[in-house]
Structure formats: C-alpha cells, structure tokens
Amino acid sequence: MIVYTVKNDTYDTRNIPNVESQEEIKKLAQEFESEYKPIPITITDGEELLMVIYYGNSNLLNKLKYFPVGVAIVVLLFILILYYFYETTKSNEQSKLWAGMAKETAHQIGTPLSSLVGWTEILKTEKVDPSYIIEIEKDVDRLKTITERFSKIGSLPTLEKVNLTEATQNSYDYLCSRTSKLINFSINLPDEPIFVQLNEQLFSWTVENLVKNAIDALRGKGDLKIDITQDSKNAYVHISDTGKGIPKGKFKKIFEPGYTTKKRGWGLGLSLAKRIIEEYHDGKIRVLKSELNEGTTFEIQLKKA
C-alpha cells in the first residue's frame, strides 16, 4: 500500500481503496511513516525533490502477523486437551487396578478365613482354655471386617441413614482400646444425633486410617482428638494430633496412591480414605490445617441426611 506526495503537499494513493480525501490520505501517510522510513524521489543529482513515497502493509498482511500466535494457541490447546485425556485415562486405569487388587485381596483372605472359623468350632469341642478361643474369635471377626472392607472397595457400597455421632463413637471405642497409653486419645461429640448417608464399615476404616496416620505423626507420644461439628447442611469430623505436621505444599499430594514418607508402607491409607469419602459418600476430605512440629487437623465433610 503506497501513499505519495509531491512537493506542493498534494497527496495521492496507489492500491488503497476507500480513501479519497486529502486529510484521510495525509493521516494514512503519517501512520506509514511511523512504520517505515519514507523514500524521497529526487532529480538533477538529488538537488530537486520530486515526491516522497510512504508505504506500509496491507490490512491482510497486518492480520497475518498474528497468524503464528493463533496457530501457537491452537496447538497449545490441543496439547492441553491430549494431556487431560491422558491423565484422565491414567487415573481411571489406576482406579480400576486398586479396585481389582482390593477384590482379589478379599477373595484370597476369604478362603483361609473360612477354614479358621471351622477350626475354631472344632477347638470348642476339645479341652482348650476358653479364653484362647475367645481371643481367636476376636481375630477372626477382625479378619471378617477387613475382608468385607476390601470387597466393598471393589464395588459400589450400600449407604444407609446412620447416626454419625454413634458411628464415630464406635470407631473411637475400638481404636482407643488398641492405642498406646502414651497417646492422650479423646473425643468430643454433640449430645444430639446427626444423621448422614453412610456405609459404617467403610467410614470406620477411614477414621482408622486417619487415626493411624496421626499416631505415626506423634511418634508414639502426644495428643489425639476427634471432634464432630455441624451446620445447616453438613456434618464435620475433625481428627487432630500434636505431631510433626505436614508441609503446606503436600496437603494434596499425601492423598495420592503410593505416596508415603515411611520406610515401610504402601502409601494407600489416605488415598483409600479419599476414595471412600469423596467417591462413595459424595463428601470431602482434606487437611484443614497443619503446622510443622505443632500438629495437623484432618476434616471429613459429609452431607446431612
């Protein structure tokens, strides 16, 4: 696109449609001058100025300057979409793997468990100290509970309207009897019942995993507390400890399958807790707060029934 002017400041154009008045052409020449240096045309060895040519890009060329940016944005979006589908597929595969492992574990435990039940009945007919049989039956019942938990992980569990306060108290009573006396274990529950849609066995497993995680953080000694609060829509279970704490950057990472800071362990406890609460109970679980060397509070949020 070209604008040229003769020495008496008369402007004219070439290849520029819809620009007719001298003021419009002059304004366009000023725009071109800001982009490219004008070309003076002289005669008689450069002594007499014949005209000045102003030139610039067409509208199409100006638009094409942004074309590489547009292509880069499209390519980036395409890469992000591919990455999203890759991560989603990977997550689904991991989920199916854990579910399959859980069902297989339940199946494998079930066979020797049935045999143990039979041997327990045989021992009752023999002259065996009854206290031994009672302890064996406790362990058998515990194995039954573990088997049922794993079998529910591999399929959609049944939820029932349950008093959360009572279910938490039952979990506390079980854990309290198996917790070191060096742990100051306490519970603070409301007087009135709070009803939620719950699978009590899986909820108990979640509380157990969080409590065990807290005991590990306490390194054998300290305070551990369970609280239940509520608002108009939700109930909240808080499990607090005075242990080593969790760095803020790892609040979400600790719920990933396989993540652990222990020398021994599979890193499945918190990931199972997250799956149970969020996928099966449509609730939420998170680290509510944590300070290094001061303690951590986990929060379970469940909708009231």
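Visitor: What makes the crossing of H6 and H7 left-handed or right-handed?

Guide: This is a predicted model. In it, the crossing of H6 and H7 is left-handed. A crossing gets that name if the near helix is turned anticlockwise from the far one by less than a right angle. The axes of H6 (residues 200-218) and H7 (residues 269-280) cross at roughly 145 degrees and come within 9 Å.

Visitor: Which residues make the contact?

Guide: H6 contributes Leu 202, Trp 205, Thr 206, Asn 209, Leu 210 and Asn 213. From H7 come Gly 269, Leu 270, Leu 272, Ala 273, Ile 276, Ile 277 and Tyr 280. They divide into nine nonpolar, four polar and no charged residues.

Visitor: Why is Thr 206 called buried?

Guide: The cut-off is under 20% relative accessible area. Thr 206 has 0% relative accessibility, so Thr 206 counts as buried. Thr 206 touches Ala 273, Ile 276, Ile 277, Ile 285 and Ile 300, leaving aside residues up to four places away in sequence.

Visitor: Which residues of H7 are buried?

Guide: Leu 270, Ser 271, Leu 272, Ala 273, Arg 275, Ile 276, Ile 277 and Tyr 280.

Visitor: How do you know that the span of H7 agrees with 1.5 Å a residue?

Guide: H7 has 12 residues, which should span 16 Å. The end C-alpha atoms of H7 are 16 Å apart, so the two agree.

Methods
Residues numbered from 1 in each chain as written. Predicted model: local features only at pLDDT ≥ 70, side-chain atom pairs only at ≥ 80, totals over all residues. Heavy atoms only, no water. Axes fitted to C-alpha atoms, helices over the stretch in contact; angles between N-to-C directions. Helix = DSSP H or I, 4+ residues; strand = E, 2+ residues; numbered from the N terminus. Contact = heavy atoms within 4.5 Å. Nonpolar A, V, L, I, M, F, W, Y, C, P; charged D, E, K, R; others polar. Buried < 20%, exposed > 50% of the residue type's maximum accessible area, 1.4 Å probe, protein only. Expected span 1.5 Å × (residues − 1).
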